[in-house]
Amino acid sequence: MNAGAKQTSLAIESVVKAVANWTVDQHAEMNPQLSNRYGSSWRADWIGHTTSQLHLLAQSVSVRSTALFANSVRWALQSFQARGVAEVDLRQNMTCLRDVLAKELPPAVSRTVLEHVDAAIDALEPSKSAADFEMSIDDEGASKEVLQYLEAILEGDRSRAESLILTAHQDGVTVPHLYEHILAPAQARLGWMWHRGEITVADEHFGSAITQTLMAQLRQHFHRSSPKGRTVVATSTPGDLHEIGLRMVADLFEIDGWDVIYLGANTPTNDVIELLERRPPDLVALSVNTALTLRDAGELIEKVRENAKIAKTKILIGGPPLRAVTDLWRELGADGCAQSAVEAVKMGNRLVAA
Ligand code: B12
């Protein structure tokens with residue numbers, strides 16, 4: 001990660017609270033209708049929204065990607081529209097944020113930061129459509145199996161959802177296929193439905209819990225290749241609560257004959273480094289599941305590179321933000337990136353062989 005960009009990113013984080021408040025003050029002054037239109041919690045809601053945007057801005061600045069911020073803001077627009085927030089209000093809010101940042105940030109950093117905000121303002125132009133952006137919108141026709149699995153989840157029928165997957169496995173469908181072509185797309189679709197306000201967080205939690213239980217059950221049926229004598233540590237970053245994608249990656253490495261040290265979600269960076277020193281692996285598989293954890297991922301990679309004992313360990317990275325902006329992995333200092341668990345295993349073998 002670039003040191004100057006990281007510093008600017010941290011400078012933004014340190015003023016989030018004040019900037020969010022000033023932005024909402026300016027927005028309310030510009031548009032007195034705001035308080036009528038969004039009910040009694042309007043101020044807290046807009047401060048919450050502006051705060052989230054500022055955290056995303058800080059992350060995008062840390063990886064020097066205006067595309068990441070533009071994509072994230074455009075992606076959020078769809079969710080807000082589904083919940084009755086007017087597009088024009090989101091645009092005004094971003095314009096007020098720009099004014100406040102232009103006034104408050106030191107000139108040395110404001111040019112870079114404002115480039116990101118300008119990209120977001122452009123992304124919110126009414127002439128732009130969702131197709132102009134690269135977030136993982138899974139709106140295409142899903143397979144029959146994915147739809148059947150989702151239907152069982154959304155009808156609250158856990159037994160049917162489990163039996164669909166376990167029966168398919170008994171009928172010869174392999175674990176990698178079940179992961180890649182049914183469970184992963186079903187999870188993405190649950191996310192997309194929640195994003196558009198079609199299902200609740202409870203529905204998503206119910207489905208994610210079933211997917212995790214099934215993955216645990218399928219473990220008993222893994223057909224492992226002969227041992228490769230290679231070890232991978234599969235981890236995420238502190239504060240990242242997503243674990244299904246990383247676990248799929250870990251499981252497919254195990255099936256491929258690797259020894260896997262799976263650390264799961266929300267792992268403290270210093271503890272990961274200590275583990276890498278104690279049990280040096282051939283590969284680290286690092287999962288980044290929201291743009292909000294990109295800087296932490298960059299820091300983990302920096303700490304590996306600065307540590308003579310483990311500096312040469314190959315680092316493979318992946319997750320939704322790296323699918324949306326495909327060159328981020330270089331900026332973060334990883335050795336490679338892959339878009340799916342199946343691709344992760346191929347890339348991991350390639351990196352270690354090289
Ligand atoms: C379930 C879920 C959650 C659950 C997680 C539960 C759990 N135990 O895992 C909970 C409720 C905790 C959650 C919270 C949030 N979530 Co969430 N979540 C999801 C959801 C719906 C499914 C995730 C999942 O299981 N995917 C299935 C797996 C298989 O897919 P995957 O993670 O992409 O992994 C594949 C590849 O990316 C790749 N891969 C993954 N890791 C790695 C690692 C390596 C090394 C490699 C090579 C490849 C690789 O291989 C995997 C298999 O093919 C996704 C939607 C989506 N499109 O995925 C959102 C999603 C990941 N969440 C998102 C967000 C924004 C959040 C929140 C910030 C929401 C909020 N406002 O609070 C919080 C953040 C919480 C936190 N601090 O981490 C966004 C991230 C957007 C972005 N690009 O930054 C997503 C994409 C939804 C969306 N489209 O907006 N979430």
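Me: What is a polar contact here?

Reply: A polar contact is a pair of N or O atoms within 3.5 Å; within protein, one must be able to donate a hydrogen and the other to accept it, and residues adjacent in sequence count only if both atoms are side-chain atoms. In this structure, a polar backbone atom of glutamate 243 is 2.8 Å from an oxygen atom of the ligand. A polar backbone atom of glycine 239 lies 2.6 Å from a nitrogen atom of the ligand. For glutamine 187, an N or O atom in the side chain is 3.1 Å from an oxygen atom of the ligand.

Me: What kind of model is this, and how are residues numbered?

Reply: The model is predicted: local features need pLDDT of at least 70, side-chain atom pairs count only at pLDDT 80 or more, and totals for chains, interfaces and linings use all residues. Residues are numbered from 1 along each chain as its sequence is written, and side-chain values use heavy atoms, with hydrogens and water left out.

Me: Which residues come nearest to the ligand?

Reply: A residue is near a molecule if one of its heavy atoms lies within 4 Å of it. There are 39 residues around the ligand, and Trp75, Gly239, His242, Glu243 and Ser287 come nearest.

Me: Which protein donor does the cobalt atom have?

Reply: Donors are N, O and S atoms within 2.8 Å of the metal (3.2 Å for Na, K and Ca); water is not among the atoms, so sites may look incomplete. The only protein donor of the cobalt atom of the ligand is NE2 of His242, at 2.3 Å.
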